[in-house]
Amino acid sequence: MLVDFDLIKKAQNGDDAAFNTVVTAYRRRILGTVSRLINRAEDVEDVAQEVFLRLYFSLDQLRAPEGFDSWLYRLTVNAALDYLRKRRRRPEARMADLPEQQVMLADAAAGGRVLDDQQEKSRTRDFVDELLSSVSEEDRILLTLKEVEGLSLKELESIYHVNENALKVRLFRARQRVLKAYESSVETKEAAR
């Protein structure tokens, strides 16, 4: 927990300074989580702002300050899912939607210099994004929270409202689907050679 219980209780009681301190403490973590969940850099700030608005208007519903972290993660996941649902209903085509690698190649063609290390990182990131996009949103979010954010099974229990064994099964199945997507990708690349 990044802030103490007393600060959260003060924020619950309407202390704006305490609420601002909570936002400041959690801002970076929320931005990182949202960024990994929605995978669209230009909208991360907007979704994070929505998380903090939801936090402000529902903070009085928090029963025990000890559960604040997992409760805030749940607000974050819900805001990201809402964003993804809206985006699915209203698809847009923007320049920012181009894969980073294409943008980098266009810059290189225009005279910019691209370092090999950046290209390798970009290829790896694109490959991981491709693998994660081949599984369901639920699998991608669960794996992101567990593997990237490093949440424990206990924290995930309070977010998903299921017991630890059910989470272990979900994680196992999600990992299996990513593994299957990876194997399929490798087979496709080998067949293309």
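**Charge pairs, aromatic pairs and the nonpolar core**

K154 is exposed, its relative accessible area being 55% (exposed, over 50%; buried, under 20%; partly exposed, in between; 1.4 Å probe, protein chains only). The structure is a predicted model, in which local features need pLDDT of at least 70 and side-chain atom pairs pLDDT 80 or more, whereas totals for chains, interfaces and linings use all residues. Residues are numbered from 1 along each chain as its sequence is written, and side-chain values use heavy atoms, without hydrogens or water.

K154 forms a salt bridge with E157, with an N to O distance of 3.6 Å (salt bridge: a Lys or Arg side-chain nitrogen within 4 Å of an Asp or Glu carboxyl oxygen). Both partners belong to helix α8, where they are three residues apart and thus separated by about one helical turn (helices are DSSP runs of H or I with at least four residues, strands runs of E with at least two, numbered from the N terminus). A further set of residues, E50, R54, D82 and R85, is joined into one network by salt bridges that share partners.

In total, 12 salt bridges are found in the structure. One of them links R27 to E45, with 3.0 Å between the closest N and O atoms. Because R27 is in helix α2 and E45 in helix α3, this pair ties together parts that are 18 residues apart in sequence. R27 is partly exposed, at 38% relative accessibility, and E45 is also partly exposed, at 44%. Another salt bridge joins the side chains of R40 and D43, at 2.9 Å from N to O. Here R40 is buried, with a relative accessibility of 5%, and D43 is buried as well, at 12%.

The protein contains nine helices and zero strands; from the N terminus on, its elements are therefore written α-α-α-α-α-α-α-α-α. Among its 193 residues, 34% count as buried. The largest nonpolar core has 47 residues, of which L55 and F68 touch the most other members (core: buried Ala, Val, Leu, Ile, Met, Phe, Trp, Tyr and Cys joined through side-chain atoms within 4.5 Å). Two or more residues of this core come from each of α1 (5-12), α2 (16-38), α3, α4, α7 (137-148), α8 (153-160) and α9 (164-192). The most is given by α4, which supplies 11 residues.

Aromatic pairs have ring centres within 6.5 Å (six-membered ring for Trp, besides Phe and Tyr), with planes under 30 degrees apart counted as stacked, over 60 as edge-to-face and the rest as tilted. Five such pairs are present. Y56 and F57 are paired edge-to-face, with 5.2 Å from centre to centre and 85° between the planes. Y56 is partly exposed, at 43% relative accessibility, whereas F57 is exposed, at 62%. The pair of F68 and W71 is tilted, with a centre-to-centre distance of 6.4 Å and an angle of 45° between the planes. F68 and W71 are three residues apart in helix α4 (residues 68-89), which means that about one helical turn separates them. Both F68 and W71 are buried.

F57 is located in helix α3, which spans residues 44-58. Together with F19 and Y56, F57 forms one aromatic cluster.
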